[in-house]
Amino acid sequence: MPPPVDREPAHGREDPTGLIWFTIAEAARFTGRQLQTIYSWERRGLLDRTTAHTDEAGRRIYTQAQVAAAERQARRNAAAARRLAS
């Protein structure tokens, strides 16, 4: 994953409470991951589809905090898998 300075700025939607919401495509750009990686996080339960909201176009949206938590968990899972493999 590229260092944070190489990432695109977060282009989500900010609600009145200050939360930033991302579609799956926006989450992929924000994290620097492939679109399929974000879908994989959903399938594996790192992003909970049951608590996802939808935007005006019916697309699932997640908060910036949800996306960041999913990325942290994915990194922990990958590190654990590497430890088990060695």
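The points below go through the sheet, its hairpin, its pairings and a helix.

This is a predicted model, in which local features need pLDDT of at least 70 and side-chain atom pairs count only at pLDDT 80 or more, while totals for chains, interfaces and linings use all residues. Residues are numbered from 1 along each chain as its sequence is written, and side-chain values use heavy atoms, leaving out hydrogens and water.

**The sheet as a whole**
- Four strands make up an open sheet, ordered β1-β2-β4-β3, with antiparallel pairing.
- At the edges lie β1 and β3 (53-54), each of which pairs on one side only.
- Strands (E, at least two residues) and helices (H or I, at least four) are DSSP runs, numbered from the N terminus; two strands pair if DSSP finds at least two bridges between them.

**The β1-β2 hairpin**
- Strand β1 (residues 13-14) runs antiparallel to strand β2 (residues 20-23), and two bridges join them.
- R13 has W21 in β2 as its bridge partner.
- Five residues lie between the two strands of this hairpin, where G18 has a positive phi near 95°.

**Pairings of β4**
- Three bridges link β2 with strand β4 (residues 60-63), again antiparallel.
- F22 finds its bridge partner in β4, at Y62.
- β3 and β4 also run antiparallel, joined by two bridges.
- Opposite H53 stands I61 of β4.

**The helix on the sheet**
- Helix α1 (residues 24-31) packs on the sheet and touches β1, β2 and β4, where contact means heavy atoms within 4.5 Å.
- The direction of α1 makes about 105° with that of β2; axes are lines fitted to C-alpha atoms, for helices over the stretch in contact, and angles run from 0 to 180 degrees between N-to-C directions.
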